[in-house]
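Here is a short report on one structure. Look at the sequence and the model first, then read on.

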Amino acid sequence: MTANTEVARSSGRLWQGLTLQQKQVVWAWGFLAVPILFYGLIRFYPTVEAFVISTTNWNLMNSPSFVGLANFKRLMADPVFWQVFRNTFLYLIIGTPLSLVLAFTIAYHLDRVRFMHGFIRALYFLPFLTTATAMAWVWRWFYQPVPIGLINDVISSLGFSQQPFLRSTTQALPAVLAPAIWAGLGFQVVIFLAGLRAIPTTYYEAARIDGVSDFAILRKITLPLLKPTIIFLVVFSSIGFLRIFDQVYNMTSGDPGGPLNATKPLVLMIYQTAFSSFDMGYAAAQTVVLFLVLLCVSLLQLRLLRDR
Amino acid sequence: MTGSSLMQRFAPGRVLVWLLLLAGGLLMLTPLLFMFSTSLKDSADIYDLRLIPAAPTLDNYKTVLSDGRFLRWFWNSLAIATIVTLSNVFFDSLVGYTLAKFQFRGRYLVFLAILSTLMIPTEMLVIPWYVMAKNFGWLDSYWGIMFPGMMTAFGTFLMKQFFETVPNDFLEAARVDGLNEFAIFWRIALPLVTPALSALAIFTFLSNWTAFIWPLIVTTSKELYTLPVGLASFAVESQIQWELIMTGAALATIPTLAVFLLLQRYIVRGVVLAGLKG
């Protein structure tokens, strides 16, 4: 008899000796073994690593040298960072309310439509399924000057002067934001529709019998009962706008971040600092700022919406 | 149907709302329509901004596809998105099931730990991931593109919520029949949450098909680009040839649109399930 079979037999005996409850515990940790390794190695360790790198000066070639909070001080004194910070917040404070109000208005009316409901919903939803890279180029083409660009063609045929859009420091940011709102709108409409569907119709019937106006029903019944959906969409879409990258990168390649950094969001700055300048410590400090901003925004929004 | 409700149904206000909704929907489609329209135009005709091309041609598609790179990027995206989706469907549901249906010390801690990773933005992890990939020789490889996304906290959370609705009696009955725990998960529990599985699969596939920043960082050779990264590089080098850019964009969009038209009902339901549970 070999040692192997001996081991197998004794472990078999060990397994038989366990209670049902103990066996369950062994199974559970067995199922979790690979995932725990994954989360430890690919999520938790890199998170700690990001904080550590943010306190170093490192170009990937030399070994990193500890510089304490110097990267954060440098960031506070960097005018480009403040421009980028401003841009990122503009994406957030224009994008989130605008897309949510649009999506809610569409969903609210579409909810009552029976005729071709699915078809109209599909029209709004289709952009959500596109690739931001591909669509950034379509929109970029739209914004071109007259012989090529559709929007300027329409504007000038109506007798107005052409607009520079992506070439302008003031128009570039909204021009980049438009496709981001466009692409996400369908998702929000679908989620709002599901939220509206979940409100029991008896509430509406009771309100109608009492002669409550449509607007009062909207304000007193629909919106309050839609609160979980609204919280979800506000958090989901503001995190999306704070992390905007694909659209900006592709619409302003050649002049990344737009004229005078007019469109550059934080994630593009992180990308350039890390993978064009290989200034890893400085880039990591920027990611820490992004993390803190995202944390504050989600906590603040959850708080505000819960209190109301 | 009574006369008054018929009147209500076709009241001018409601017809107007319907028309506005339709017009808005068609407006949403304009970028897609013009993309397809331009992809069918000869390079001499792109200044003609009519939606229906005067002389539609498939030459642009032939040019782009005969390049070979484009098909390669297409297959890269397809392979990567498929493998990552399968991995997520398996591991996220295994972990979700374990956390929902097993009693053991540390269960809540594991759940909280996994859930807490939702607070960490990917952008914060890309630098450590890049360093890790560099040290392990994973840069510029399929595995390098795929490794960060093999499991997600979002998927785990979604699956846990759904497994909690599966009655314990089913699982107990299988246990009495002598099935081992993995077989119970695989053959009894998993088929009961098919709607959640398809929601997870759709979400994971879509987000990996369109993923941009990490593949852009981790790949350097053109053969390993995914479709979005390839398209970005392709568009830069052929900057003036809008008709070819639009063709590339169309080719990146056609698969998802085709899948949507085939599976519309499931995709919308999947998005709702994933969205509301997430």
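Ile93(A) is found in helix H4 (residues 79-110) of chain A; helices are DSSP runs of H or I with at least four residues, strands are runs of E with at least two, and both are numbered from the N terminus. This is a predicted model, in which local features need pLDDT of at least 70, side-chain atom pairs count only at pLDDT 80 or more, and totals for chains, interfaces and linings use all residues. Residues are numbered from 1 along each chain as its sequence is written, chains are lettered from A and ligands numbered from 1 in the order in which they are written, and side-chain values use heavy atoms, with hydrogens and water left out.

Ile93(A) is exposed, with a relative accessible area of 55%. Buried means under 20% relative accessible area, exposed over 50%, and partly exposed in between (1.4 Å probe, protein chains only).

The two chains meet in an interface. There, 88 residues of chain A are in contact with 90 residues of chain B. Contact means heavy atoms within 4.5 Å. About 8,200 Å² is buried between chain A and chain B, and carbon and sulfur atoms give 80% of that area. Buried area is the accessible area (1.4 Å probe) that two parts lose on being put together, summed over both. Phe31(A), Trp137(A) and Trp141(A) supply 9% of what chain A buries against chain B, more than any other three residues.

The interface of chain A and chain B holds one salt bridge by the rule, which asks for a side-chain nitrogen of Lys or Arg within 4 Å of a carboxyl oxygen of Asp or Glu. Arg243(A) forms a salt bridge with Glu123(B), with the closest N and O atoms 3.1 Å apart.

Helix H6 (residues 132-142) of chain A is mostly covered, with eleven of its eleven residues buried. Trp137(A) and Trp141(A) are among them.

Now chain B. Phe185(B) lies in helix H10 (residues 181-192). Phe185(B) counts as buried because its relative accessibility is 0%. The C-alpha atoms of Phe185(B) and Leu16(B) are separated by 52 Å, and the two are 169 residues apart along the chain.

| Residue | Partners include |
|---|---|
| Phe163(B) | Ser93(B), Tyr97(B), Phe185(B), Leu190(B) |
| Phe185(B) | Ser93(B), Tyr97(B), Phe163(B), Leu190(B) |

Definitions and conventions:
Lists of a residue's contacts leave out its neighbours within four places in sequence.
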